[in-house]
Every structure is written in C-alpha cells, then in structure tokens.
Amino acid sequence: MNKKLLTWNFWTAVTALAVVVFGLFLIYPLLSLFISSFQDPATGALTMENFAKFFRKKYYYQSLINSMWVTTCVTILSIIIGTALAYFMTAYKVKFKGAVEIFVIISMLSPPFIGAYSWVLLGGRSGIITQFLTELFHREWPSIYGFSGILLVLTLKLYPFIYLYVSGALKKIDASLIEAAESLGCSGMKKVATVIMPLLLPTILAGALMVFMNALADFGTPMLIGEGFNVMPVMIYSEFISEVGGQANFAAAMATMMVILTSTIFLLQKYIVNRKSFTMSSLRPMQVKQLSGFKNAIMHLGIYVLVFVSMIPQFTVMYTSFLKTNGQLFLPGFSLNSYVIVFDNLALAITNTYTYSFAAIFIIVLLGMLIAYITTRRKNWLTDIIDTLSMFPYIIPGSVLGITLLLAFNDEPLILSGTALIIIVSLVIRRLPYTLRSSSAILYQISPSVEEASISLGASPLKTFFKITAVMMLPGVLSGAILSWITCINELSSSVILYTGGTRTMSVAIYTEVIRASYGTAAALSTILTVTTVAALLLFFKVSGSKDISL
Amino acid sequence: MSVAIHIDHVVKRYEQVTIIPDLSAHIKNGEFFTLLGPSGCGKTTLLRMIAGFNSIEGGQIKFDERLINDIPAHKRNIGMVFQNYAIFPHLTVRENVEYGLKLRGLDKAAIKKKVDDILKVVKIEDYQDRLPERLSGGQQQRVALARAIVIHPNVLLMDEPLSNLDAKLRIEMRSAIREVQNQVGITTVYVTHDQEEALAISDRIAVMHAGVIQQIGNPQSIYTRPYNVFVSTFIGHSNLFAGKIKVDALKTFVVFNDGYQIELEHLGEVTDGQEVIISVRPEEFSVQEDGLQCTISSRVFLGKYVNYKLAFAPNMLVANQVSIEFSQDLGHAERIFEQGDMITLRPNKAKINIFTADAEAKNLIKGVKQYE
Amino acid sequence: MSVAIHIDHVVKRYEQVTIIPDLSAHIKNGEFFTLLGPSGCGKTTLLRMIAGFNSIEGGQIKFDERLINDIPAHKRNIGMVFQNYAIFPHLTVRENVEYGLKLRGLDKAAIKKKVDDILKVVKIEDYQDRLPERLSGGQQQRVALARAIVIHPNVLLMDEPLSNLDAKLRIEMRSAIREVQNQVGITTVYVTHDQEEALAISDRIAVMHAGVIQQIGNPQSIYTRPYNVFVSTFIGHSNLFAGKIKVDALKTFVVFNDGYQIELEHLGEVTDGQEVIISVRPEEFSVQEDGLQCTISSRVFLGKYVNYKLAFAPNMLVANQVSIEFSQDLGHAERIFEQGDMITLRPNKAKINIFTADAEAKNLIKGVKQYE
Amino acid sequence: GCGDKKATSEKPAKTDKLVIYCPHPLAFINPLVTEFEKQSGVKVEVVAAGSGELLKRVESEKANPLGDIFWGGSLGTMKPKANLFENYTSVNEDKIQPAFKNTEGPLTRFTDIPSVIMVNTNLIGDIKVEGYEDLLNPKLKGKIAFCDPAKSSSSYEHLINMLYAMGKGDPEKGWDYVKALCANLDGKLLSGSSAVYKGVADGEYAVGCTFEEGGATYVADGAPVKLVYMKEGVISKPDGVYIIKNAKNMENAKKFIDFITSKDAQTIIVKQLHRRSIRTDVEPPKGLIDKDKINIINDDEAVVVANKTKWLDKFKDIFTSVK
Ligand SMILES: Nc1ncnc2c1ncn2[C@@H]1O[C@H](COP(=O)(O)OP(=O)(O)OP(=O)(O)O)[C@@H](O)[C@H]1O
Ligand SMILES: Nc1ncnc2c1ncn2[C@@H]1O[C@H](COP(=O)(O)OP(=O)(O)OP(=O)(O)O)[C@@H](O)[C@H]1O
Ligand SMILES: [Mg+2]
Ligand SMILES: [Mg+2]
C-alpha cells in the first residue's frame, strides 16, 4: 500500500498514458474486428458459425496445425542457434566481431518476399544450388519448397532476435556466478545448462516469444515457398484481402483465434518468467576469453558459416540488382538498369523510410521503457492487462491491423488517414513489443536496491528512473530497439494499406515491384535499403560510441 | 537538522510470515543507535521500513512529530548504506558520490569540495575515476559509505557498512562516521553484527531477536547488566551455571551446584530455594584459591589475551552451551596454563548476573531495565 | 587428498597497473592459511589466481608437483566462497548446495545425507527450499559456505566468508570450517579482514600490503613478534614511541625520549645511539609507580576491557599515529580512570618490540623471522 | 506529411492531381501514366499494392476517399463491389467492342484477358500440352503451377474455365476433372498469381495456369516459355478501370478514363504491354494469336456469381482430400 502511494503521481500517469495509447490505437480499432468475427456475413446477427466453419474443414484447421508446427520448430532452432552464437560471441574473442554483428542484424533486414525469393533462386527446383547439387550427385535434390524451406528461411531470419536479446543479457550476468559454478567443478556445456541458461531464461523466453510470434505471423515466406503448406497468416490474409474477395467475418474469426492463441502463449511465457526471474547486481561482467587451437578454429568456422548462410539472401538480392533485365526476365550480363528504373521517387521513399522509422523508434524506446517499468516493477491487474495487450498488435496480421486503423481514423473526429502520423502510429503499435520485451527482460536483472539507493539519496522515483534505471537499462533496451527499428524499416503489411503517394516507403516500393514479379527493380530498391541501413547503423554506433551492437 | 525517530508498534509481514510482530523504539535526536542481533532477526527489515523501502503492515513511524508511514522514501531526507552496497555500476566512484549532491542542486564548486573531502575521509580518492567493477570489495563498501554520508541527511541508516573492511580501516571509518555525525548531528541507525563495533560506537544499542527487541541500553549496561539470558549470551560470551538462591535472616546467597556460594547484596525480589541461572563472563573469572574447580580442555591465543575452554562437572552447567570459557589477560597473567591443567576460578561477584530459570530468563539484579 | 600449494614469484597486472609485483608463498598440505591485509592489497586477487579465475602474468602456482597455471578452474577441484556470495539466484538453498555434489555424480541418498548435514552445520536447514533473494545477507553467506565445503575439495578458498555474521555465529561457523577441514584434511586459504578471526583459526597467517607479503608466521609470532612496523600496527594496535639504543659494557637499553629506559637482553645487532621505534601494545602497559607519564584523553568501554586514549608529550612519539591507547583489563582493574587523569604506565619489557627507524622498519629482536 | 490532410479533404473539384490505386507493376504503369501526364498536365500519384489490398482500402475509405481511380481487377471480382464506384461512361464508349461495353455504369472495361496455360519449353520435353486434359499426364505430376483459387483471381478464372470447358458447358460435370487435376498437383498449391508465371518462367514448374498477359510478357522478353490456349475452351474476361465514389479529383479521374480507353492509350497497351484491346479499332498484339483462332467459350455469369463460395469451398475440400 505504501509502495503504491510512494509513486502515485508519475507511474500512474504512465499507466494512464499506456491505457490511452492502447485504448485509442489498438482496442478501439480492433473491437470492430472482434465483433465482426461473431457476426453472420449476411445478416450481421451474432453467431459462432465462423468459428465452427474453421474446425469443420481440414483445409482450414490443417493450416493452424501447420502454423503451430513450423512455428515451434523455428522457435526451437532459433533459440539454439541464437543463444549459442550469443554465448560464443560474448565469452570468447572472435575476429571481426563487429562485422559479424552487423551481418547478423542485416540478415534480419529482408523485406517481405524478396528474401524468400532469393532462396527460390538458390534452392528452387532450378535454383543454382539445387542444380549444382543435382549435377554433382546425379540425383534429384530436395528443393526449398514446403515445410523444410519455411523452416530454413524463417530460422535464418529470426535467430538474430534471440542473438540480440541474449547477448544483451549475457553481458549483465554476474561473472562470479559462473566462477562459482567452475569452482564447484562445472564446465563447458554443463555450466551453460545449469547456470547460464537458467539465468538467461527470462531473456530467452522473451526472445523466443518474439520469434514465435514473428514466425507465426509471417506470411511472405510461406506465401512464396509454402506450395500447399498452408499456414494461418496466409489464410487470414487471403480470406480478408484476396483478389478473389474473401469473407471478412471468417477472416476476423481466424484473427480472433490467433489472438486468443497467442495471448495464451504470452501469458504462459509471462507466468514462467515471473516465476523464474531473479535479480542480479552484476558488478563484474563476464571476461572475454581467448580460445586456442582447434576449438578456436571450429568456433570461428561455425560462426562465419552461419553468418554467411544467413547473408545469402542479401547477397543474392544485391547480385540480382545488378543483373541485366528485360522486363521481368533476367538476362546474362550486368547492368545498372534496375537502378535507373527505380530512381524516380527514390529520394522521397528513402526520406520517408528513415523519418518514419526514427520518429517511431524514439516513441517506441520511450514508451517501451516506461511501460516495461510499470509492468515489472509496479505490478497490478491493470499493468498486467497493458502488458498482455501490448502483444496483440504483434500477432494480428499487419494488413488487418492497417485496415482497422484506416477504418477507425478515416472519419470525424479523428481523421488521420493519408497522413504520416497514421503510419508512425501503426509502426509504434506494431513494433513496440520488441523494445518492450527487451526492456522488461533487462529490468528483471537489475537489482531494485540500486534504485532504492538513488531514492535514498533524494531522487524522486521519476528522477531515479531517468538517471539510474533507464541508463542501466539502455544496453539491454538497445537490442530490442534495434529490432524495432529494423522491423520498422522493413514494415510493409500495414503501411501498404495506409500509405499514399506522399508517404510511400522503401519497403512499399519494393513490394510494389515484387507483387508483379519485377524482381530486378525490387532487388535494386532492396539493395539501396540495405546499404542505407548499414550506413545508419554504423553512424549510430559511431555517434553513441559503443563498440558492440548488443552492448 | 536531525530528527528523533519514533517507532510505535510496527508490524512487518512477508506474505504469511510475520518477521516483526510488534516493535517499538524511540531513537533520540542526533543519537547513534545500533541494532544488534543474530543473522535473520529482522535488522535489515526494520531499517528498510524506516527508510521507506519496506511496506509497514501495522503501527507507525514518526520523524519528530511527522508521521512518515506514507511519505515516499525520497522525501524523507535519509542517507542509506546498503548491505550489498548497491553502488551504481554505470557511474564512476566520483559520480556515485556526487549523485546525491547534484540532486540537491549545489553549485559545482561546493560539490567538488564536499566530494573531495569525503573521498579523502574514506580513503578512496585514488580510485575516484574508476568504475565500481574494478574496485575491491572493501573499496566498494567505502564508496557506498561516502555516498550516503556526503549528503548530510537527517537520518543516516547503515546496514553493516564496514563488514568488508579490516580492523584498522574499520576503526578509521568508525571515527569518520562519528565525526560527521557529531558535526552535523545526524540521527544514525546502524546495523552491525560486530559487537565490539557496536559497543565502541553507539550511544545506545537495541538487541533484537526474532523481530523482538530484547533490550535497549547504552553499551555498558547492555554488556554488564544484560536484561535476559539471550542478551547476556549474544553480547560477549557468558558462561551459564545452574544455581539456587539461598536467603537467610540477613543475607542472600547464590549457590552453585557444587556448593560454592557467593553473597550478593544487590538482588531484586527472590525467594529461598528459587532456581536461577548464574552468568559469568570469561574475563570475570580470576584464578584464586577458592572458587569453582575445572579442567582446561583447550587454549587459543587471541592477541591481547588467551582464551581457555573449560570442562566442568556437567550438573554444574545449564545445558546446551557451546563452550565454557575463561579469558586470561596477557598483561597480567602470572602463568599460562596448559591443556589438562586443573584450576580454581573465582567469579567476580560484583559483575556476575543472575537470571530466573524460567523461559523468560530475566535478570534478577536490582535496577536492570529493559528499555533505557 | 589435499595438496600443498606452491606460489612462486607470481605477478598480477590489470592492464598497466601491477597489483602483485612478485609474490611467493608455500602453503602446506592440509594447512589453514590466512591472508590478512588492508582493503585493496590484493587478497582477493591472489585467491582468484589460485582458483584460476584471474590470469597469471608471471611466475607459477603448483598444487603439489602439478603446475596449474594453465589448468582451467573447474579441473582444479577447489571450493570457493566468494566475497559477494555468488549464490545461484535461480536455485533454492538446497539446490545451491547440491549443485557441486550432483556434478560429481553421487547417488541421491548420499547427496541428501551430505546436504542435510551441512545445512544443519551452517544452520540454514529451515530455509532450504527458499530462493536466495528471500534470505538475509548472513543467511546467503552461509549458503555460499555450505556449497563450497560440502564437496570436500582439495583446496578450499574463502574470501571473507563470515563478514556478515554476528560474533556468535561466526564462532560457530569457524569451528564448523575447522572441523570439516580437519576431518578431510582440506588445504584452506582464507581471506579475512578480521584479525581476531585470523588469530583464532589459522595455522599460519600471511600479512600482505600492496601486493607484497610482509610476514608469514603462526598467529602468536605474528602478534607478539611482528617482522616490521607495518605488521605490528596492522595486527592489533601498537603504540609507537621514538627512542634510542644505549649500549654499555654489559647491557643494552632502549631509551624513551623522556629518559625512561628499559634493559633488553634479546636484541639482535644494534649500535649505541641507534635511533629506533619502540612498539608497545595497549595491553602491554600496566599502571605502575615508574614508567611513562601521560594523560587520559578519552575512554571507551569495550566489554572485557576499557580502552583509554592517551596524550603524551609529542616528542615522545613517532609522528602520524591515529591514537595512543592503553587497554585496561576489567577482570583486574583496580581503578577506572577518568578523562584528564594523569597516569604512569610501565611497558612490559618482555613483550615490547623494537624496530629500526629507517624505511624498512624491521624488528631488532633476536630470532624474528619474516617467513616461518 | 501531416500537412496534406487539409489539402486532401477540402480541395474543390478543380484540381491538378490524380490518385490512382493500381496493382500493375511500374513497367506497366509508367508508359501510360507518363503519357497521360503529358497530355493532360495532371500530376498523377500512384498507390500500388495488391488488388485485394487496394479494394479493401477503397472499402475502408468510403467515408473519406483518398484515391480517385481504381485501375485493375477483373470484372468478376469487381462486379459485386460496383457500389464503391462512380457511374461514368467514357467518351470512347462507341468504339468499344460490343462484349466490353460498360452496361453497369461504373465498370469501364480496359483490356481483354483470356486464361492460358503457360509452358516452359526447356522443361516440357516431348510432353504434349494442348489443353486441360494434358495436365493429367502423370509425367507432369508435381510440375504444375496452380494457385489457390481462393487467393488468386487468375486461378479462380481458371477454375471457372475448367469447370465449363471440361464439363462441356455444365460446370457441375467439370468437378471430376478438378479432382483429377488436384491429384496431379501433388499437394503443391501456390499462394499468389505472380508465383505461377514467375515459377514457370524461372523453371520451377513445367506448366502453369495463368492469364495471358502474365505469360505474354515473358514470351516477348524472350524467356523459354510459350502460351497454350486450351483446346477444350478458353474463357476470356476483361479487366477494368473505375472511378472511386466521391473521388476528390473527379474531373481528372474522368479525364483518365477517357484517356485510357482512347486509341492512343490502347495502342500503347497492345504494342508495349502485351494485352488485348477492348476497342474495335486497335489491332491485336503482335505475337499473340488472333482471338478467332482460340476456342472461346462463355460462362454463365449469374451462375458463377451465385456459386462462388460454394465452388471455392468445394475446391478446398477436393484439394485437401486428395492430398
Ligand atoms: N522478501 C522476503 N520474503 C520472505 N522472507 C524474507 C524476505 N526478505 C527477508 N526475509 C526473511 O526475513 C527475516 C529477516 O531478514 P533481514 O534481512 O531483516 O535479516 P537481518 O537481521 O538483516 O539478517 P542479516 O544479519 O543476516 O543480514 C529473515 O529470516 C529472512 O529470511
Ligand atoms: N578489474 C580490475 N581492474 C583494475 N584494478 C582492479 C581490478 N580489480 C581489482 N583491482 C584493484 O586491485 C587491487 C586489489 O584488489 P583486491 O580485490 O584483490 O583487494 P582485496 O585485498 O581483496 O581488498 P578487500 O579487502 O577490500 O576486498 C585494488 O586496489 C583494486 O582496486
Ligand atoms: Mg541484513
Ligand atoms: Mg577482496
């Protein structure tokens, strides 16, 4: 009781702010969606028919099974790869560490479709790698399509999430705990399994949730290489927005199911994190060690191969962008033609992309840290609800969210449609979870007694937050913020609904080319996007003076 | 501008478990008040309640006349040294110490001066630009100390602030604390497990046990006239003998089980034949012709004195004592004994304490007060 | 299966700063060896080098004949108690203690028995299913202790393992440590800032200062015959007087600046007129007719004894001493003095130490060894 | 940016701007838009996305339309949504082929698009592909690019086409063929129109069911593909260009409709963009066979519209059951 009063003013204001933001930009738009999921398309009467229909047809419910299966596999694989990479990169000296980290981040930057399409070029039935292997072994080689392809593409795209989260947390682990384990005779994998992993668990779970949600929501990849391996997002998308004209109520019902499903998973994750989290006041971070000989070589090889493989789509895209084209067809030889074609409007798209993403990331970091604080340190039913709500936009297909936003804000009293503001709002709402998750993960690790120390010195909770807590959080937040930012840049599905001529972004421009198979120009745009992003990242690290990305 | 602290019937519960059932204490303005008690008895908990970091489940705490139960911690103008230091890991030593001063809006020159001074006092001026991760444990602790003292708070709360320092440094830090405390008159509540420290530094000491205050008093009375057996054995060593009261027409005696008896004039109300516990401190024995017979079972050298463990006939003693000890001052020892030697020890009758043999085990000496 | 530890010319640098320039020590098999020294002198650093957590920039460390410089920590079969506890926050008390045993592949019943035993020894069996964050500081420290001891390592390294415990518990823990150590013969390296503890528990003590070992010896010789002034003042209090040697035909005297002189028979090589430092511990004074004249400037009650601060004529003393003290044993005190009283104190000539007045300040008493 | 808000919501009828919602690729849009801008002096803003997305936008923006022209979308898809669009008859209506007259009011026809089978000449070898029947050849098992008709309009048109063609005019009789075809798809069902022609052109599939322009572009670009007009019968449907109801730039929108149906524009379309004109006075594109040489059949629009959901569901059931 005392505690609540202690901080009534500021944190209540934050809670109120969160309620307003989510209420206005999330609940209000989504409410009609949820209601329509219970409505009969013809009469508008309340019915459960939309849900019943889903479970009657294998075509539909099979996609749910497929989604869950592939998502689970992707999540597990990403955890393994991401955690291992983070551990080796943090604990041992790795040559060209900076470059490796940049590459890892860049491999997330794969605008919808184009990344997956690169894999078709490489691993499709007449893909370069497939052909090569077929000729080498004189037997039919499996192609990229279907389950295993989706698994590969998504894992390579999503393990960086885990990597960023975990390496942030690893740097916060108190080295003496690891030493304690060693002094008790523990080493290697055992040490990782019994001490490091449990300590990282809250963070890994936070990252895993992100991966899970992302994999579950991704529709670009299965759309392109699913080949009959139907998944929920594609289904929702096509029922909602197909050229053929689907059934909005039914799509809403599927979206509702997804929301319920993911909320359950989120609550489960939260429950475990709450039970399995502990504070560490880490004064001595882990020392970076030099591995020697054989082990060192193996580690480097592993890291480089992994990074190379995850960069393949980017390389392919860049390569493709310089190919000579004739319309939609790639011809032998190189040319800059694709760049010439996209040159019009390019400046606008680039400015828009970066203006929106920076504006959004600023709001995201601020909101993310504040909301993370109230949901971890000022727990009550309201903050619990806010925490859960914040995950919704993550799972609702972007295009659906875009449409609900458009419907909600295209009329008096609040006309936002057609403005940059609505795009930024959708970016903030959709990309907040990354920063929010990483912020609360890091908060779990900061000992409250440090905050108390500051308060005892006369700093109000508000001051303490900005001068102490926030500063200590920053390294951890940064990893989430980078994710938020990169995904803001990549964001397509809601922007494509919300943009107008003056607010087009790079990824919209890329998508526009992709949908009608103009891959040369798409690749050119994509390359420009990658290059400018790398430049922005490098600039950021230069200015912020930090050597590591995940810090 | 220090304040008096009035703690009235406070209660602390963690979920189901009651840690402090009902505790009252009044700490005077400018006083150096020490909480002493076994590990886990609730010292930190009480301190955090005064600081405002633990909720108060019942009762009230006042600073002078001001009820502070609901005043947020940062408005209480306290300084606190945490048991786990809680230094800001992202700030250098100097920045850590400056932190509180900056918040108070002092001008740069004043801050610099104050910080320089205090860094010198706690002897860490050489490390002022380091980050805490590169300090030794004791150095970290001194940063925490400096940070709390430098702001000259009304109330200074310290949770084992010297536990990682060597004796010399402890003594120096102690006088530094006392000095600052006297200069600006800070009411200080100090938690320590070190009795010598508590005795040396405190105006008054509260001895706690399982969330309950056993005795409050100045160091001397706590040590020489403990209110009950718990205090007697917790502060310093006490050898407990079983005995009986013998009251004849004129005099009152306390009789050991081997028949050795001592006349006591300053006992409170006792009845003839009443069972009692006789408490004798190791240094209150002297080797004499008459007294209690015992054998030396081991010997430890402790610098200023030698500590012997003694073996008595079992019926002489109260059960379950870890050891019975005699501490021989080396300044005066005529002879140092060997293991196995039989000696006769006479308790100093002016100093021994007599406790009731019941569960309360209260001191029977006249004039012993629980709260002073 | 304990081992001897040979430390030969080891060097430790943190980047540019050399913390340990060149340190050698030989710790015997099964010995209880204590590192004592001021905060920041490098105790933790040395311990961590033995454990394998700090790199060694020069020299070698051997366990028996086995060079361990490059053997990873987890293969050294050590037990370590960390200064900041380093308990696993995700494991309950019991799981923390079990951890090392499980790794050794013991069967369940054996683990349970061992853990039950040690939990009882360190008195935390009541908390065994709690997570560490809900323990008090002292309770956490005991978990750390139990966890390190229970595996019966070859070498047990303890970094201030008892710093957060009260005196009673400390003494109990001390005997628990010694007991386990004797039972299984663990070579133990112990870091503490508590001299009394060091004196009570150690087979041998190494006194360190700024990364250099000043003296290694058993507790008694360290206390009574410190090798140099640093050791003398660091271990226990020492009052340092300026003085001169007077050698006449037959006898050697040491002369205080007021002319008071004491005959000493056991001095090493000295020359007439040589300037020296005379070190007298507070308890080596006794109130007598003849001796050194001084005034009492303050008095502190410390339980067993009373500590007086003394004022001497300034020329009598070595400069820059925090205080000159006389500690009066309360078991024998005939009279307790007040502030301002003039008294005459005679140093106990069998106990005083004489040091050279140069920078080395070495002990001039015959037979004092630096390494024992 | 934010400043636009006022501008877009309060502009009077006379403007110099036009916002076009269009699912066509830049390469298709650019020549026509450039020409239009040159002729009219109107500044065109193109909002490109999938036709589904754009349609959804138009629907959502009803209260405050942000676009003026919806350019694209097959007639079958747009008919049910005709109420979203403004009635307008272009000045060129008299020159339009009779089959493509705007009888409904808002639905101006733009080009004529037959369904085709696209064949990769490198992969097909000596397998004969002349019509639907040939797709059942076991040698093609798993090598057919076919899109989920629920997700792609070209695939949907193909479904209708095969029902009528293989059912010999009675769609209900065509389902046996669909069943057989599904079995030969070997569980592969793509998720977007472009995946089909792109897939065939890239050599991922030997044959694919797509629309004429999709394949024709590749033929013209010199890819190893050819188009096959199903001998069992080809349905050809127009797509259109429509004015969004209450468009803010109404005048310019009308100008655009007039332009796009004009002889100039239609000529560009035929010459450069591989589509068939809806005008009477424009030659069919070079390289595409004459319409008279194709076995054109017709569906019954009323039946098709009425059965849309039912048929899509039926397809889903068939596909999942044979898999
Ligand atoms: N968060 C908590 N939840 C439940 N019990 C707790 C919690 N924190 C402390 N305790 C218990 O409360 C009791 C008092 O703890 P406290 O920290 O006040 O002890 P202390 O007197 O400071 O001991 P020490 O000298 O060992 O630091 C202990 O038994 C401890 O286990
Ligand atoms: N990572 C580091 N980088 C630089 N200097 C360090 C580092 N760690 C410790 N030091 C310095 O090395 C010296 C020795 O530190 P160490 O921790 O060994 O001291 P200690 O003897 O254990 O002291 P205490 O009793 O205070 O714990 C100290 O002066 C400390 O500031
Ligand atoms: Mg405590
Ligand atoms: Mg240390």
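1. Which residue of chain D forms a salt bridge with Lys57(A)? Asp317(D) does, with the closest N and O atoms 2.8 Å apart. Here a salt bridge is a side-chain nitrogen of Lys or Arg within 4 Å of a carboxyl oxygen of Asp or Glu. The count between chains D and A is 1.

2. Some ground rules before going on. This is a predicted model, where local features need pLDDT of at least 70 and side-chain atom pairs count only at pLDDT 80 or more, while totals for chains, interfaces and linings use all residues. Residues are numbered from 1 along each chain as its sequence is written, chains are lettered from A and ligands numbered from 1 in written order, and side-chain values use heavy atoms, leaving out hydrogens and water.

3. Back to chains D and A: 59 residues of chain D touch 61 of chain A (contact means heavy atoms within 4.5 Å). Together they bury about 5300 Å², 53% of it on carbon and sulfur atoms; buried area is the accessible area (1.4 Å probe) that two parts lose on being put together, summed over both. Glu53(D), Lys151(D) and Glu204(D) supply 12% of what chain D buries there, more than any other three residues.

4. Now look at ligand 2, which sits between chains B and C. It has 19 residues around it, the closest including Ser136(B) and Thr44(C) (a residue counts if one of its heavy atoms lies within 4 Å). One ligand oxygen atom is 2.7 Å from a side-chain N or O atom of Ser136(B), and an oxygen atom of ligand 2 is 2.8 Å from a backbone N or O atom of Lys43(C).

How values were computed:
A polar contact is a pair of N or O atoms within 3.5 Å; within protein, one must be able to donate a hydrogen and the other to accept it, and residues adjacent in sequence count only if both atoms are side-chain atoms.
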